[in-house]
Amino acid sequence: MILCSDKLSLVLALGLGLTALPGGQAATATDLDAFLAKIRSDQGPLRVEAIMAAGPMGAPAVVPLGAVADGPEREPGIAARRALMNIAAYAGRPGGGDDRKAVAAALLQLLPPPHTKLVRTLTLELLSWTGDDAVVPAVAALCADPDPDVRDEAKRALQAIPGPASLKALIELAGKTDGEFRLAVFAALGQRAAPEAAEVLIAATASPDLQTVLAALDALARIGIAKDDRVKLPPWESLDSAQRLRLANSYLRWADQRAAKGATDDALAVYNLVLEHGPAEHLICAALIGAAHAAPDQAFDAVLKALAHQENTVRLTAVHLLEQQHGDDAKTTALLEAYKQASPLSRELLLRVLAAWNHQKLGN
Amino acid sequence: MITPPTWNRRRFLTHSAAVAGVTLGFPGLLSRGALAAPDPATPNHRIRTGHIGVGGMGSYHLRLLKDQCVAICDVDQRRLAKAGQVVGPKARLYRDFRELLAQPEVDAVIIATPDHWHAVMTIMACEAGKDVYCEKPACCTIAEGRAMVNAAKRYERIIQIGSQGRSQSAAYFACAYLRNGMIGQVSRVNCWHYANPVGGFKPYTEPPPELDYDRWLGPLRWKPYNVDGTLGSFRWFIEDGGGQIRDRGAHVMSVVLYLMNADHTGPVRIEASGAPPEKGIYECPPDMEVKYTFTNPDWELHWSQPGETPAEAADLGNNKYGAKYWGDKGTLVVSGGDGGTDTELKAKRFHAPPGGPKIYRSVEHHQDFFNCVRTREWPIMNIEAAHRVASLCILGNLAWRLGRPLRWDPVAEKFLDDDQANLFLNRPGRHAWHI
């Protein structure tokens with residue numbers, strides 16, 4: 001029996017193609033022919049052997065594999081696609097810089113028609129594993145492809161490919177597309193969370209289309225931009241309940257981002273607004289949590305007050321937050337003062353907090 | 001000095017309905033009734049559930065909770081209609097889960113969709129103020145899992161992931177046995193499981209009319225419809241289902257992290273091997289070996305698919321998979337990891353001495369969830385723990401996919417010195433779906 005670790009090493013070695021190409025030599029034309037013959041084989045074990053040895057075959061294998069992947073033979077086509085994935089994975093290994101660039105460049109040749117949609121979309125995925133600024137123009141061009149699935153894969157690739165070129169392409173795209181695709185581009189920009197995207201998103205908040213405005217606000221919240229008077233907020237009365245919820249969540253996300261950037265006043269302004277108007281219990285919880293984390297001392301009174309809230313969730317959130325605070329003398333005095341005015345239940349909650357603080361002191 | 005009071009949850013629940021508080025109102029956004037006025041006599045009765053995804057495990061949850069179900073959503077019209085018949089006219093039916101989330105009468109959602117929807121739906125449910133019971137595995141990427149944890153914390157929501165093995169009494173007994181040092185310092189855990197299937201031979205076709213394939217795909221990157229690639233078979237694709245290691249691994253390794261008291265951390269190195277299938281469109285390697293190395297304390301976790309069933313498992317229930325724990329004073333076998341978890345007699349007969357480590361015990365997985373919805377404590381398979389379990393599954397698959405060992409920082413949740421691997425921490429959503 002092979003010990004687990006030995007078996008692991010053996011299969012890892014096979015997976016990295018070390019037995020196929022000892023010493024890290026580049027694949028020769030003969031190697032490549034033999035490799036492709038195995039990929040095209042009607043024998044499953046041979047195809048698997050080739051898939052596992054595919055990585056070091058590198059860029060020269062990409063276009064021939066694309067042809068097999070496009071072809072009518074089902075199993076060799078599957079094997080070719082898996083081999084392409086292994087080539088992209090191997091090329092992206094640490095220290096594989098030149099290989100990665102070469103493979104990415106080769107993959108670009110599989111993007112245009114008449115390559116099949118299956119190959120084109122897989123290629124976009126693999127470019128998101130290997131690509132950099134150099135592949136962005138070709139990928140960005142596909143954001144205008146007639147096929148919506150190809151467009152979406154191109155957008156996904158732009159979101160994933162690191163570097164300034166892909167971000168710039170997404171920003172340009174945000175300014176010139178429309179409809180659902182534009183909302184998807186906004187979402188991608190929100191995930192990138194790059195301040196460079198703020199301008200185009202701010203402009204979009206002036207859109208007459210409410211979905212566009214809400215999507216732009218969501219992305220801006222994720223970026224956590226500084227307050228900007230150019231940001232247009234939709235009138236609260238014009239929104240249905242789901243839209244209000246979405247907008248409130250964006251507000252809170254923005255506040256959390258501002259708090260994380262040290263802009264506590266910006267954050268507290270939102271948290272206090274939510275606490276003041278109390279639109280829904282989970283939003284009050286979020287505002288309490290945000291405020292207590294951003295400025296524990298300033299939020300203390302609000303959290304204390306929440307112990308008497310009508311909603312169980314809010315009360316217990318307040319308890320959890322107070323338990324986490326350091327119960328100094330001033331806070332203990334405030335708690336005891338509140339105890340005098342409190343209902344029986346609130347008294348129990350106050351005692352629970354005092355007990356936690358007491359444990360802290362004993363622990364210290 | 002203040003003496004800690006005895007905390008009586010029942011008394012607290014009884015009082016909560018009568019609390020006078022600040023009256024808050026906002027047109028169009030309603031507060032939830034269930035938690036404001038719980039009924040201690042029937043603990044689950046007032047927690048009204050909305051079910052998203054009612055095939056497979058989803059149909060099981062629906063049958064179990066049909067009395068409290070008020071809304072159902074599925075992208076398959078046939079499944080939706082069938083589920084509607086199970087519950088009757090009191091349940092509103094939806095094809096779009098966002099409409100279900102907008103219903104104020106829904107207190108908690110039960111998500112049993114394919115894995116690639118878990119994160120988006122769970123996060124949106126939290127944003128809508130719902131508590132969540134979501135099927136395992138929690139997520140498909142590290143970023144998804146962390147975003148789910150953040151959503152739970154941000155909105156103070158309760159999330160229970162459906163790795164129900166932790167709620168089995170055998171898991172608790174084994175945990176008590178291990179954490180009380182009965183086999184000493186554990187240095188290795190071997191998981192065994194049977195292989196992934198080879199298959200997927202049907203042709204690509206148009207989706208059937210009852211299935212909204214665009215919504216089935218949701219955030220998943222586009223792939224052509226194949227009956228062997230959706231519904232019950234999505235499991236055998238790396239990105240969608242992740243194979244046995246992400247399916248059953250989310251059970252078996254959930255019990256491992258529970259017993260090893262490692263819910264807060266992860267491995268520092270992952271190595272994986274396995275050959276792809278010889279034929280068919282299923283992607284996951286039939287046989288797979290993954291080795292996870294943990295430090296502080298030092299131990300190894302091995303996922304062997306198939307692995308050798310230990311002799312001690314011969315008489316245990318559900319012994320087609322499980323884990324063997326190797327300590328410096330002995331060993332322990334826990335079979336299963338999901339609903340049929342079992343362990344050796346020595347653990348079942350063990351009585352923990354007083355003063356030993358405190359171990360959370362769940363009596364039943366759904367009940368634990370509903371209890372926590374009321375107490376607002378985190379359940380046994382809370383989202384942080386579930387994210388860490390799912391991380392193991394994801395890391396194993398990624399090490400296999402990339403074909404190289406990966407070094408992992410479990411605190412920062414990033415790969416060390418591997419830019420490409422770090423690209424896989426998150427994956428862009430299709431259309432505007434995002435976490």
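1. A polar contact is a pair of N or O atoms within 3.5 Å; within protein, one atom must be able to donate a hydrogen and the other to accept it, and residues adjacent in sequence count only if both atoms are side-chain atoms. By this rule, 30 residue pairs, both at pLDDT 80 or more, are in polar contact between chain B and chain A. By class, the side of chain B that touches chain A has 35 nonpolar, 20 polar and 26 charged residues; here Ala, Val, Leu, Ile, Met, Phe, Trp, Tyr, Cys and Pro count as nonpolar, Asp, Glu, Lys and Arg as charged, and the others, Gly among them, as polar.

2. The structure is a predicted model, in which local features need pLDDT of at least 70 and side-chain atom pairs count only at pLDDT 80 or more, while totals for chains, interfaces and linings use all residues. Residues are numbered from 1 along each chain as its sequence is written, chains are lettered from A and ligands numbered from 1 in the order in which they are written, and side-chain values use heavy atoms, with hydrogens and water left out.

3. The contact (heavy atoms within 4.5 Å) takes 88 residues from chain A and 81 residues from chain B. About 7500 Å² is buried between the two chains, and carbon and sulfur atoms give 58% of this area. Buried area is the accessible area (1.4 Å probe) that two parts lose on being put together, summed over both.

4. Side chains of opposite charge can pair when their charged atoms come close. With a salt bridge taken as a side-chain nitrogen of Lys or Arg within 4 Å of a carboxyl oxygen of Asp or Glu, five are found across the interface of chain B and chain A. B:R154 and A:D256 form a salt bridge through their side chains, at 2.4 Å from N to O. Over all chains, the search finds 52 salt bridges. Within chain A, the side chains of A:K168 and A:E172 meet in a salt bridge at 3.2 Å, N to O. Both residues lie in helix α10 (residues 164–176) of chain A, four residues apart, about one turn of the helix. Helices (H or I, at least four residues) and strands (E, at least two) are DSSP runs, numbered from the N terminus.

5. Grid points are joined across faces, edges and corners, and a volume is the space filled by probe spheres set on the points. The second largest pocket has a volume of about 1300 Å³. Among its 46 lining residues, A:A242, A:R246, B:R98, B:M124 and B:W433 are the closest to its centre. Helix α14(A) provides the largest share of this lining, eight residues.

6. There are four cavities of 30 Å³ or more. The largest cavity holds about 790 Å³ of space. Of the 41 residues that line the largest cavity, A:R81, A:R82, A:M85, B:E283 and B:R401 lie nearest its centre. With seven residues, α5(A) gives the most to that lining.

7. The second largest cavity has a volume of about 340 Å³. Its lining comprises 20 residues, and B:T141, B:E239, B:R401, B:F424 and B:R427 lie nearest its centre. Here α14(B) gives the most, with four residues.

How values were computed
1 Å grid on protein atoms, 1.4 Å probe; cavity = no way out; pocket = protein on both sides within 12 Å on 5 of 7 lines; lining within 4 Å.
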